[in-house]
Amino acid sequence: MKQFKCVLLVDDDVVSNFLNKEILSSIGITNEFHVVTNGEEAINFINNNVGSDCPDLIFLDINMPVMDGFQFLEEFEQFPNQQRERIKIVMLTSSSNKKDIERAYQFPILGYLNKPLTIADVKSVLGVAS
């Protein structure tokens with residue numbers, strides 16, 4: 001399994017964040033997790049860690065207060081190319097709305113996963129054989 005330096009979970013659901021961290025920890029994807037509860041906090045986290053490799057993988061929810069996942073993606077497009085190319089984003093949401101899926105793939109994301117997160121989903125989206 002590919003090892004990431006730092007994973008950022010962006011979701012306002014405390015239980016989802018706890019479970020996702022447990023699942024990702026169990027497969028050894030990273031030793032460093034950070035959690036924020038909306039897109040604005042994620043933008044601030046990235047800006048505060050410029051020059052580090054943190055985060056290099058983001059799991060992003062759509063429906064959140066303050067700044068939702070799509071607003072985050074629109075802001076993220078304004079980041080320098082080098083930073084955008086280094087950070088991989090996976091949508092992880094409860095929305096199975098076809099319009100949300102289509103809209104998400106208008107952005108450079110690795111994949112679109114529905115909650116709850118599973119080990120098979122992680123391996124699939126990261127291109128790892130089970």
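Reader: In this predicted model, what share of the contacts in the protein chain with a separation of 6 or more comes from residues 24 or more positions apart?

Author: The model is predicted, and the count takes in contacts in the protein chain whose partners have a separation of 6 or more. Among these, the share that belongs to residues 24 or more positions apart is 66%.

Reader: Which pattern do the helices and strands follow along the sequence, and what is the radius of gyration of the protein chain?

Author: The secondary structure comes to six helices and five strands, and read along the sequence these follow the pattern β-α-β-α-β-α-α-β-α-β-α. For 130 residues the globule rule gives 14 Å, and the protein chain lies close to that value, so it is as compact as a globular protein of that length, with a radius of gyration of 13 Å.

Reader: Are the residues on the two faces of strand S1 buried or exposed?

Author: In a regular strand the side chains alternate between the two faces of the sheet. In strand S1, which spans residues 7-10, Val 7 and Leu 9 lie on one side while Leu 8 and Val 10 lie on the other. Buried here means under 20% relative accessible area, and with both faces covered, these four residues are all buried.

Reader: Which residue of S2 stands opposite Val 7?

Author: Strand S1 is joined by four bridges to strand S2, residues 33-36, and the two run parallel. Within this pairing, the residue of S2 that stands opposite Val 7 is Phe 33.

Reader: How far apart are the mean positions of the positive and negative charges?

Author: The protein chain carries 11 positive and 18 negative charges. Taking the mean position of each set, the distance between the two is 6 Å.

Key
Residues numbered from 1 in each chain as written. Predicted model: local features only at pLDDT ≥ 70, side-chain atom pairs only at ≥ 80, totals over all residues. Heavy atoms only, no water. Rg over C-alpha atoms; globule rule 2.2 N^0.38 Å. Contact = heavy atoms within 4.5 Å. Lys, Arg positive; Asp, Glu negative; His and termini not counted. Charge placed at Lys NZ, Arg CZ, Asp CG, Glu CD. Buried < 20%, exposed > 50% of the residue type's maximum accessible area, 1.4 Å probe, protein only. Pairing = 2+ DSSP bridges.
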